[in-house]
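Let's take a friendly walk through this model together. Have the sequence and the 3D view open as you read.

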Amino acid sequence: MNNSPITARAHTNIALIKYWGKKDVDLIIPQNSSLSLTLDHFYTDTTVKFDETLTQDIFTLNGEPAENPKVGHFMDLIRKLAGIQTFARIDSINHVPSAAGLASSASAFAALAAAASKAAGLDLSRKDLSRLARRGSGSASRSVYGGFVEWRQGKDDQTSYAVPVEEHLDWPIGMLVGIVNSGQKKISSRAGMQTVVETSPYYQGWIQSTTADLESIKKAIQNRDFQKVGEITESNALKMHALNLSAHPHFNYFEPMSLAIMQEVERIREEEHIPCYYTLDAGPNVKILCMQADAPAIQRILASKFDQVTFELAKPGEGVRFIEA
Ligand code: PMV
């Protein structure tokens, strides 16, 4: 065990091919493999210090005391792995609007996995770090790496982890992130995906088509075929949201503003001939995949129509790393 505090920084990632359903709820083994882009803009810094004098873990988020049973559960996992019983102080600063479908859990659990494992004296490979981060939140497995990342579903705890597809991208793509609503989600990703697995009559179709989407997008990335990458991204997101509409009870993450932005992105593409494609996760925020050079023009058009939404340009970001607190 390490008595000095350890700080790790992890960036969030946005899935172009979505993870939406678990095979094993406890171990977080997904129903399908997924692929994401790690972003430079949104990240979490987490500091962990084990302290023999503590009688429980102490967790703060953005400087405020916070309660999160998932954090305690995750720390128990670390203690078990390291063979220790000591509690820790965990301080997280989230540079992401929490629980707004901006995958804050991805950066949060990747940073916590890195900081807590090192502080507990474990020296994990990136593969094992990805496996560990997965236990906190599935999407966190991918934030261990930068650039394009694939989470290979595997079949058990040993074989389900992320691998880099292209870590340092020499491709000037970006994502415009529109914060429609930074409040709490209507239904957590955990609950939403479980309802879908159990009740959507389209679930098998999703598995089949998403497996094909993953193969096609990897080829399109390799060929630097932006149009293809965008088309697959948009279509895969819509299929995921169609599952939610087909579940029982049905639910969705759209707000009127999300739908209006989605339509406008399609119009910009068709009428202004600027290639751009949207994706949405477990929340109303719309993320728009584009070339970095086109971002200012898209931002100008969107700002003229949606003055209450800010669209921030995020570029490909790096994987998890240790920093000085
Ligand atoms: O890992 P979770 O529980 O935050 O679920 C992530 C689900 C999506 O963001 C909708 C899709 C994905 O692959 O990130």
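Where is N62 found? N62 sits in the loop between β5 and β6, the latter spanning residues 64–65. Keep in mind that this is a predicted model. The phi angle of N62 is near 55°, a positive value in a residue other than glycine. For context, most residues other than glycine have a negative phi, and most peptide bonds are trans.

The peptide bond that runs from H248 to P249 is cis, and its omega is near 0°. P249 belongs to the loop that links α6 (226–246) with α7 (256–271).

## Around the ligand

Now turn to the ligand. It is surrounded by 14 residues, and the closest are Y19, S137, S139, R142 and S189. By class, this shell consists of 6 nonpolar, 5 polar and 3 charged residues.

Which protein atoms lie 3.0 Å or 3.3 Å from an oxygen atom of the ligand? S189 places a polar side-chain atom 3.0 Å from a ligand oxygen. For G138, a polar backbone atom is 3.3 Å from an oxygen atom of the ligand. D281 has an N or O atom in its side chain that is 3.3 Å from a ligand oxygen. Of the 380 Å² of accessible area that the ligand has on its own, the protein covers 95%.

## The second largest pocket

Rolling a probe the size of a water molecule over the atoms shows where empty space is left. The second largest pocket of this model has a volume of about 230 Å³.

What lines the second largest pocket? Its lining is made up of Q56, D57, I58, F59, P65, A66, E67, N68, V71, G72 and I90. Two elements, β5 (58–61) and α1 (69–82), each contribute at least two residues to this lining. Sorted by class, the lining holds 6 nonpolar, 3 polar and 2 charged residues.

## R9 and its neighbours

Our last stop is an arginine. R9 is part of strand β1, which covers residues 6–17. Which side chain does R9 join through a polar contact of 2.6 Å? The partner is D45, with the contact running between the two side chains.

Leaving aside residues up to four places away in sequence, R9 touches Y43, T44, D45, G319, V320, R321 and I323.

Conventions. Residues are numbered from 1 along each chain as its sequence is written. This is a predicted model: local features need pLDDT of at least 70, side-chain atom pairs count only at pLDDT 80 or more; totals for chains, interfaces and linings use all residues. Side-chain values use heavy atoms; hydrogens and water are left out. Helices (H or I, at least four residues) and strands (E, at least two) are DSSP runs, numbered from the N terminus. A polar contact is a pair of N or O atoms within 3.5 Å; within protein, one must be able to donate a hydrogen and the other to accept it, and residues adjacent in sequence count only if both atoms are side-chain atoms. Contact means heavy atoms within 4.5 Å. A residue is near a molecule or strand if one of its heavy atoms lies within 4 Å of it. Accessible areas come from the Shrake-Rupley method with a 1.4 Å probe; for residues, only the protein chains shown count as cover. Ala, Val, Leu, Ile, Met, Phe, Trp, Tyr, Cys and Pro count as nonpolar, Asp, Glu, Lys and Arg as charged, and the others, Gly among them, as polar. On a 1 Å grid over the protein atoms alone, a cavity is a set of points where a 1.4 Å probe fits but cannot get out, and a pocket is an open set with protein on both sides within 12 Å along at least five of seven lines; lining residues have an atom within 4 Å of a point. Grid points are joined across faces, edges and corners, and a volume is the space filled by probe spheres set on the points.
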